[in-house]
Amino acid sequence: MNDKVVLPVWTVGLFIVIMNTTMFNVSIPSIIGDLQISADLGAWVISSYSIGYALSTVIYSRLTDIVPLRKLLTVGLLVLGLSSVYGIFAHSFGALLAARILQSAGAGVMAGLGLVLASRYVPLERRGSAIAMISAGSAMAFGLGPIVGGLISEYFGWNGLFAITCLVLVILPVLLRLLPKEDSQPFRFDLVGAILTVVNAATVLLAVTQLSMIWIVVSVVSFLLHAWHLRRGKETFINPELLRNHDFRKLVVIGFCVLVLNLGNLFLMPLVLANLFHRTAMEIGLTIAPGAILSAFLTRFVGRWIDTYGNLRFLLIGHIVLSIVMLLFYAVVGTSSIVVLVGYICFSPAFSATLSSLNNETSRILPKTLIGSGMGLMQLIQFCGGSISVAVCGILLEVQTHTSLALSYQHVYGLLLLIGLVSIGMLLWYKSSGKKVQQAGN
């Protein structure tokens with residue numbers, strides 16, 4: 001496989017898929033008004049896609065151990081592309097929600113297979129650059145999504161957003177021509193384990209977003225059932241070897257925290273700009289875009305640096321920068337919109353470098369047989385972290401009824417700063433345990 005050709009094309013596809021998660025954010029007011037629905041129902045246009053995207057990602061990743069990448073890609077992109085065509089003609093809430101759920105069922109194939117593809121076919125000495133390219137495409141999509149969404153919604157209506165995602169149908173034949181051919185492997189697919197994984201993730205997110213004790217109980221019961229299934233099952237959907245890997249568990253916690261910081265910040269910045277500085281959706285997008293563009297520009301350098309100097313160094317540097325930006329926002333976010341602009345210019349490249357290093361380090365510590373399931377589980381937990389972060393940030397803003405807006409945002413950024421410090425502590429623990437293992441081996 002010529003990764004120098006395949007990965008740029010893959011990154012374009014992933015850019016389209018990730019942007020689909022943020023384009024709809026700025027259109028929610030229009031959707032609520034056009035369809036005459038409540039704000040709670042409107043929120044499901046976003047949350048249903050996020051939940052489905054996270055779950056489909058881990059399923060596609062797990063299936064890479066037994067099903068050729070080309071077959072999985074064909075199914076995923078056809079589902080995504082055709083559901084996007086259907087969404088262009090959706091004129092009721094039910095049709096819109098169905099289109100978004102179907103989109104999410106196909107969208108996970110790009111994220112789920114991208115890291116597996118890089119880990120499986122790119123040599124270790126160039127893998128950091130490959131993963132950095134993929135991560136930069138995601139960062140760019142998060143930044144440009146609001147701009148593209150605002151432009152299309154303003155001139156073509158929210159149905160026009162689906163047309164952008166239809167472009168994956170153009171990318172599909174190109175990738176099928178470039179990807180290597182693989183043989184199917186004999187394997188007993190653990191349908192019960194897959195269902196329990198879906199239920200685990202969905203009930204956790206519902207428990208947080210709905211603040212429901214019933215959903216909390218259901219979630220706890222589902223995790224207990226899954227633990228029982230892992231003990232007695234063979235060839236389970238979640239490989240128990242991953243859960244017994246101490247280093248993998250630490251990296252999973254770090255990945256959870258990093259996505260909490262990223263999506264929490266992406267949720268808060270537009271609110272700060274809109275409510276404190278009265279910026280329009282277009283102006284918000286233009287404020288966020290420079291950071292995303294810089295992150296994409298630095299991709300080739302960051303990837304080379306990671307390959308040269310190692311994952312852990314850039315993990316630590318990225319964590320420090322992310323925490324400094326959270327400290328800056330905690331201290332002075334309400335003073336000027338320039339603070340948000342400058343902060344995200346530092347935050348976005350740091351997040352991209354951190355995520356690239358984290359994913360590269362994860363692929364390094366896992367044996368080849370566990371890369372598909374391991375990277376899938378890592379991404380599922382990352383996406384859950386991001387979804388939970390958005391829900392918790394929104395709840396914290398709602399409960400601060402007797403606090404000024406500026407102070408409310410500062411309090412939430414203070415919590416994100418604490419999460420960043422916890423992640424740094426976990427990273428230092430991971431580094432120290434690695435040194436002990438190395439010394440013991442010597």
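Is helix α5 largely enclosed by the rest of the structure or largely exposed, and how many of its residues are buried? The close-up views below are of a predicted model.

**View 1. Helix α5 and its surroundings.** Helix α5 is largely enclosed by the rest of the structure, because 21 of its 29 residues are buried. Buried here means under 20% relative accessible area. The helix covers residues 93-121. From its first C-alpha to its last, α5 reaches 42 Å, close to the 42 Å expected at 1.5 Å a residue.

**View 2. The kink in helix α5.** A kink of about 30° is centred on Ala-105.

**View 3. The second largest pocket.** The space in this pocket comes to about 480 Å³. Its lining is made up of 19 residues, and the closest to the pocket centre are Asn-200, Phe-223, Leu-377, Leu-380 and Ile-381.

**View 4. Helices that line the second largest pocket.** At least two lining residues come from each of α9 (191-210), α10 (213-232), α12 (246-275) and α17 (371-399). Helix α17 gives the most, with five residues.

**View 5. Confidence along the model.** The protein has a mean pLDDT of 82, and 92% of its residues reach 70 or more. Confidence is highest in helix α15 (residues 311-332), at a mean of 92, and lowest in helix α6 (residues 124-156), at 73.

**View 6. Residues 436-442.** Over this stretch pLDDT stays under 50.

Key:
Residues are numbered from 1 along each chain as its sequence is written. This is a predicted model: local features need pLDDT of at least 70, side-chain atom pairs count only at pLDDT 80 or more; totals for chains, interfaces and linings use all residues. Side-chain values use heavy atoms; hydrogens and water are left out. Helices (H or I, at least four residues) and strands (E, at least two) are DSSP runs, numbered from the N terminus. The expected span of a helix is 1.5 Å times one less than its number of residues. The bend at a residue is the angle between axes fitted to the seven residues ending there and the seven starting there. Buried means under 20% relative accessible area, exposed over 50%, partly exposed in between (1.4 Å probe, protein chains only). pLDDT is the predictor's confidence in each residue, from 0 to 100. Contact means heavy atoms within 4.5 Å. On a 1 Å grid over the protein atoms alone, a cavity is a set of points where a 1.4 Å probe fits but cannot get out, and a pocket is an open set with protein on both sides within 12 Å along at least five of seven lines; lining residues have an atom within 4 Å of a point. Grid points are joined across faces, edges and corners, and a volume is the space filled by probe spheres set on the points.
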